[in-house]
Amino acid sequence: MIFLFLKVIGIITTDIHKLADLMTEFTTTGALVEFAGGRQSGKTLLLHIMCSINSLKNTKTCYVDNVGRFDPEFIFKYLEGTQTLKNNEIYAKMKLVSHARAYEVGDLFSIIKKLWIMDYACVVIDDLLTYYSYRQDRNAKEEIRNIIREIALLALCKRVCIIFTNPFLVDSNNKFASRSTTHELRFNDIVRYIHFKAIISKGMHNMLECEFVYPAKLENMKLILFPRASKKYRI
């Protein structure tokens with residue numbers, strides 16, 4: 001089992017490079033990385049960590065914000081916490097992260113189309129299925145499949161790493177409910193070749209645990225992230 005340790009704000013440990021190497025592999029080969037978790041499990045916090053890591057690597061990232069939680073001040077504090085960058089260098093690296101707000105599902109489709117002509121190496125999407133949380137109709141399922149297919153094609157054709165978060169439903173036996181909207185991923189054959197899935201949860205002291213459950217080759221990998229931030233920046 002592989003354990004990766006990371007401090008979000010403050011001096012970053014050398015083990016951050018292991019996480020960075022994993023993200024580099026996803027970026028250079030094209031991948032669709034899903035982090036599923038319940039309410040307040042740290043999904044948005046994880047996406048901000050990814051943006052910050054990419055900035056340190058001089059990698060361009062697009063943050064697609066479906067729920068209005070994007071916080072550039074967090075990224076600034078993260079970069080400041082490395083204690084290796086001056087203010088002007090921090091601002092320069094923050095410009096590597098772009099923010100796109102999707103208010104409606106039409107906005108999301110429009111953003112995905114624009115990404116085809118952009119040169120981002122990584123795209124993070126906060127709560128991909130937020131528009132369908134209370135919809136169970138057939139049209140909603142078709143829209144979900146179309147969105148997933150579009151971002152999968154984008155990841156494959158442009159070798160982009162697309163990271164997105166999702167809520168998930170569990171039954172009384174703590175298993176994934178078949179009615180969960182994330183089940184729609186299985187309806188897209190193209191997805192299985194580039195899809196990686198991890199379950200994220202928050203432990204004591206805001207510790208984040210990310211346990212990969214798909215594909216089989218990553219089932220023994222677990223990321224343990226130790227955020228060290230003031231309450232203001234605990235997203």
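Which residue just after α3 takes a positive phi? Gln 83 does, at about 60°. The model is predicted, so local features require pLDDT of at least 70, side-chain atom pairs count only at pLDDT 80 or more, and totals for chains, interfaces and linings use all residues. Residues are numbered from 1 along each chain as its sequence is written, and side-chain values use heavy atoms, with hydrogens and water left out.

The protein chain has 6 helices and 9 strands. These elements are DSSP runs numbered from the N terminus, with helices being H or I of at least four residues and strands being E of at least two. Of the 235 residues in the protein chain, 51% are buried. Buried denotes under 20% relative accessible area, exposed over 50%, and partly exposed the range in between, with a 1.4 Å probe and protein chains only. Contacts are taken as heavy atoms within 4.5 Å. Among contacts in the protein chain with a separation of 6 or more, 70% join residues 24 or more positions apart.

Helix α3 spans residues 72-81. At its start, a side-chain oxygen of Asp 71 comes within 3.1 Å of the backbone nitrogen of Glu 73. Phe 74, Ile 75, Phe 76, Tyr 78, Leu 79 and Gly 81 of α3 are buried. An α-helix has 3.6 residues a turn, so residues three or four places apart point the same way.

Two helix pairs involve α3. The axes of α2 and α3 come within 9 Å and cross at roughly 50°. Axes are lines fitted to C-alpha atoms, for helices over the stretch in contact, and angles run from 0 to 180 degrees between N-to-C directions. The two helices are therefore oblique to each other. Angles under 35 degrees count as roughly parallel, over 145 as roughly antiparallel, 65 to 115 as roughly perpendicular, and the rest as oblique. The crossing of α2 and α3 is right-handed. A crossing has this hand if the near helix is turned clockwise from the far one by less than a right angle, and is left-handed if anticlockwise. On the α2 side, the residues that meet α3 are Leu 45, His 48, Ile 49, Cys 51, Ser 52, Ile 53, Ser 55 and Leu 56. Their partners in α3 are Phe 74, Ile 75, Tyr 78 and Leu 79.

The second pair is with α4, residues 87-94. Here the axes come within 10 Å and cross at roughly 135°. That angle makes α3 oblique to α4. This crossing is right-handed. Pro 72, Ile 75, Phe 76, Leu 79 and Glu 80 in α3 meet Asn 87, Ile 90, Tyr 91, Lys 93 and Met 94 in α4. Ile 75 and Leu 79 also meet α2.

Glu 34 lies in strand β2, residues 31-36. His 195 lies in strand β7, residues 195-202. Their side chains make a polar contact of 2.9 Å. A polar contact is a pair of N or O atoms within 3.5 Å; within protein, one must be able to donate a hydrogen and the other to accept it, and residues adjacent in sequence count only if both atoms are side-chain atoms. Glu 34 is buried because its relative accessible area is 0%. His 195 is buried as well, at 2%.

Lys 60 sits in the loop between α2 (43-56) and β3 (61-65). Its relative accessibility is 36%, so Lys 60 counts as partly exposed. The Lys 60 side chain makes a polar contact of 3.1 Å with the side chain of Asp 119. Leaving out residues up to four places away in sequence, Lys 60 touches Leu 96, Asp 119, Tyr 120, Ala 121 and Cys 122. Lys 60 and Tyr 120 are 60 residues apart in sequence, yet 5.0 Å apart from C-alpha to C-alpha.

Glu 104 occupies the loop between β4 (97-101) and α5 (105-115). Glu 104 counts as exposed because its relative accessibility is 52%. Its C-alpha atom is 9.8 Å from that of Thr 130, 26 residues apart along the chain.

The cysteines form 0 disulfides, where a disulfide is a pair of cysteine sulfur atoms within 2.5 Å. Cys 62 is in no disulfide; the nearest cysteine sulfur, that of Cys 51, is 8.9 Å away. Cys 62 is buried at 4% relative accessibility. Cys 210 is buried too, at 0%.
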